[in-house]
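Student: Could we go through this structure together? I'd like to see where the labels come from.

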Amino acid sequence: MNPIPVQTSVPTPSAIAAYLPGAYFHDSWVITAGEPDLSALGQFLKALQATPPWVNTLMTIRNKTVSALGLKNLGTLSRIDPAKPASAYLPGDRVGIFTLIANTADEVLLGDKDKHLDVVLSVHKAAEANSGRARVTVTTVVHVHNWFGALYMLPVTPMHRLISKTVLKVVGRASQAA
């Protein structure tokens with residue numbers, strides 16, 4: 001069975017709710033975790049390790065295009081050390097294209113700031129009572145700072161939705177060792 005992520009609302013106890021006021025864009029996607037025992041950061045790392053090559057190709061194109069406009073090169077989504085355990089990450093560490101902001105077993109906040117916009121991403125894990133299952137919700141919040149940020153979001157928004165759903169599908173898969 002291959003679970004499909006579905007659009008949802010921000011989980012009620014999520015720390016990302018504090019970032020919602022004034023957001024230019026936000027969305028949330030949820031899936032039942034294939035490995036419910038992984039922490040929220042573990043779920044994210046699992047997804048990054050299986051990032052499809054086309055996503056990294058798009059990031060490379062994005063980086064080359066926007067660096068000519070003075071924006072920073074974020075690298076690729078899958079740029080992580082696969083040998084580094086989730087427990088070794090500390091606030092301020094890079095995790096793919098993001099910087100770790102906060103990390104608990106049930107939620108990780110990651111983000112990036114640039115002159116045109118700020119992005120905060122939450123990976124929130126919630127156990128389903130008496131089932132042994134967990135739901136993982138990924139929420140993205142974007143605040144734009146200027147007209148260029150709004151212009152930047154025009155092509156990014158539909159691509160973000162496609163990439164979010166594609167990468168989140170990995171979280172729904174059971175472990176290869178199982």
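Tutor: Let's take the labels one by one, with the value next to the rule.

Tutor: This is a predicted model, where local features need pLDDT of at least 70, side-chain atom pairs count only at pLDDT 80 or more, and totals for chains, interfaces and linings use all residues. Residues are numbered from 1 along each chain as its sequence is written, and side-chain values use heavy atoms, with hydrogens and water left out.

Student: Why does Leu-109 count as buried?

Tutor: Buried means under 20% relative accessible area, exposed means over 50%, and partly exposed is in between, using a 1.4 Å probe and protein chains only. Leu-109 has 7% relative accessibility, so Leu-109 counts as buried. Leu-109 sits in strand 5 (residues 107–113); strands are DSSP runs of E with at least two residues, helices are runs of H or I with at least four, and both are numbered from the N terminus.

Student: What does Leu-109 touch?

Tutor: Not counting residues up to four places away in sequence, Leu-109 touches several residues, including Ala-15, Tyr-19, Ile-101 and Val-120. Contact here means heavy atoms within 4.5 Å.

Student: Asp-112 is in strand 5 too. Why is Asp-112 called buried?

Tutor: Its relative accessible area is 11%, so Asp-112 is buried. Leaving aside neighbours within four places in sequence, Asp-112 is in contact with Lys-72, Arg-94 and Ile-97, among others. Asp-112 and Ile-97 are 15 residues apart along the chain, and their C-alpha atoms are separated by 7.8 Å.

Student: And why does His-124 count as buried?

Tutor: His-124, in strand 6, has 8% relative accessibility, so His-124 counts as buried. Its contacts, leaving aside neighbours within four places in sequence, include Pro-11, Asp-106 and Arg-135.

Student: What makes Asn-130 count as exposed?

Tutor: Its relative accessibility is 86%, so Asn-130 counts as exposed. You'll find Asn-130 in the loop between strand 6 and strand 7, and Asn-130 has a positive phi of about 60 degrees although it is not a glycine.

Student: Why does Leu-90 count as exposed?

Tutor: Leu-90 has 52% relative accessibility, so Leu-90 counts as exposed. Leu-90 lies in the loop between helix 2 and strand 3 (94–95).

Student: Where is the kink in helix 3?

Tutor: At Val-156, shortly before the proline Pro-158, and the kink is about 45 degrees. The bend at a residue is the angle between axes fitted to the seven residues ending there and the seven starting there.

Student: What makes something a pocket?

Tutor: On a 1 Å grid over the protein atoms alone, a pocket is an open set of points with protein on both sides within 12 Å along at least five of seven lines, and lining residues have an atom within 4 Å of a point. About 940 Å³ of space lies in the largest pocket, which is lined by 40 residues. Helix 3 gives the largest share of that lining, 13 residues.

Note on methods
1 Å grid on protein atoms, 1.4 Å probe; cavity = no way out; pocket = protein on both sides within 12 Å on 5 of 7 lines; lining within 4 Å. Points joined across faces, edges and corners; volume = space filled by probe spheres on them.
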